[in-house]
Amino acid sequence: MRTRVTTAAAALLAAGLTPLATTAPAAAAAAKHLDDFNGDGHRDLAVGNRGATVGGVKQAGAVAVVYGSAHGLDFTRHTVVSQNSPGIPGAAEAHDHFGADIVTRDMNRDGYADVVVTAPGEDAGDYTGTVTILWGSASGLTSGSAHHNPRYKDRGFAEDIAVGDFDADGGHDLVSVDDDHIWYLRGPFTKSGSRGAATNFDPIDGENISPDLVVAGKVTGDGTADFAVLGHDWDTDGNRVWFYKGGSGGPVKTRKVSLPSGASLTGAAVTIADYDKNGYGDLTLGSPRAGGSAQGAVYVLPGTSTGPSGSARTITQSTSGVPGGREAWDNFGSDVSAADTDGDGHTDLAVGIQGEIIGDSYFSSGGLTVLRGGPSGVTGTDARWYDLGTSGIAGKTDETGWLGASVRLRDYNRDSRAELIASAPEAGRVYVLPGTSSGPTGTGSVMLTPTSFGSTSLGYLWGRLAD
């Protein structure tokens, strides 16, 4: 899911750390978890930091990993991978932004999850923009393979990516979008750098659109992964969704729908989830610049057998049950992530509100809300709220933190209740909130800072939590 968001990934970027060695064997089948990089059976956390300084080079970028254990994430076991790391192609250069977008999947079905990383600023000869696959192994992420624009050397590549098995052959494919192109790269991908054929769904050859985002998920209820491209349609001067249905013959565009007139794709985030358990995945757009003065909104486009519906449900802080009030520069929808947070069998939605001001403060400390899924879909009923004043969460509401700039729901300790991972980039922190039967809680939460990982360098860094 993409999303161009910020995070305090500096907390995870202790330059010079070496990959953690393990002894877990790999199975001759796809990894059980989409984020188990060392094959030990436990989910790991990956964070991309496009703004990381590597070897004194500013904004070169890096990817940081915290390894999992039987009890959840083990914050004493971590590593940082950059283009200066052994086995990783390329070199750390200024403004490469390696780690701008990351997705975790087992790309070669060897039993180890891999990390697909973009570097939109990479300048490799005539090529601009690179996708690098960091290959998982028993020793973690120790090698990589790079991919460039398949046809045009003088054009960009990989401003946003999505991964899924769109042709139902059992292997993952990759979709990359930029201002001009929609590239579909078929798997299988191999450590030697090979892949399947590339198809250019170039909108310039058909419709006059500029793609911004791409998201993968199962929308139509047939069990095959689909993807949707979100961008600006210059013919109608509005924002639209172009939906590509996956199938054995490869993805086919089956629908295009307009987004609500107030929806903005600037800084937007998107995910796909089935909140009402009707078998169809709902496309969910976090639009932090929607409304007057960036109040923000979330738009839910219900899934159907042919793709997302054009009838969007709009959720804001004015929606019944949603905590807080709709105010200028709240940026409601800074990021979105979906998973079951309380173990009731329904997928819930975490929403970041990075510009939120708490009480009479003048500081954008930020906030988070978790909206519950149920038979009626995702609503404000029994929504939960978290900020830097929530009991158990370290911090103060009278400081600028931008909590909620990046959010991710993921069950790391396998208790069927997702933990809530959230960044506060202006404060240089990442928070991990445990899941409970009533949802994430500040009690027992962990605050990570750069010193947690041996780094004393703060700074304003751009990055994202892995899809």
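Among contacts in the chain (heavy atoms within 4.5 Å) between residues at least 6 apart in sequence, 55% join residues at least 24 apart. The model is predicted: local features need pLDDT of at least 70, side-chain atom pairs count only at pLDDT 80 or more, and totals for chains, interfaces and linings use all residues. Residues are numbered from 1 along each chain as its sequence is written, and side-chain values use heavy atoms, with hydrogens and water left out.

**Whole chain.** Colour by secondary structure to begin. The chain has 30 strands and zero helices; strands are DSSP runs of E of at least two residues, and helices are runs of H or I of at least four, numbered from the N terminus. Of the 467 residues, 60% count as buried, that is, under 20% relative accessible area with a 1.4 Å probe and protein chains only.

**Largest nonpolar core.** Select Leu230, Val241, Leu259, Leu283 and Leu285 next. Of the 20 residues in the largest nonpolar core, these touch the most other members; such a core is a set of buried Ala, Val, Leu, Ile, Met, Phe, Trp, Tyr and Cys residues joined through side-chain atoms within 4.5 Å. Strands 12 (209-217), 13 (226-233), 14 (238-245), 16 (269-273), 17 (282-287) and 18 (297-301) each give two or more residues to this core, and strand 18 gives the most, with three.

Centre the view on Leu230. Residues up to four places away in sequence not counted, its contacts include Pro211, Asp212, Arg240, Leu265 and Val270.

Another core, of 17 residues, lies apart from the largest one; Leu368, Val370, Ala422 and Ala424 are among its members.

**Largest pocket.** Now select Leu34, Arg105, Ala216, Gly217 and Ile272, which lie nearest the centre of the largest pocket among its 34 lining residues. On a 1 Å grid over the protein atoms alone, a pocket is an open set of points where a 1.4 Å probe fits, with protein on both sides within 12 Å along at least five of seven lines; lining residues have an atom within 4 Å of a point. The space in this pocket is about 930 Å³. Strand 8 (160-164) is among the elements that give two or more residues to the lining, and strand 8 supplies the largest share, four residues.

Strand 28 (residues 429-433) and strand 29 pair over three bridges, and Val432 stands opposite Val446 in strand 29.

Notes. Pairing = 2+ DSSP bridges. Buried < 20%, exposed > 50% of the residue type's maximum accessible area, 1.4 Å probe, protein only. Points joined across faces, edges and corners; volume = space filled by probe spheres on them.
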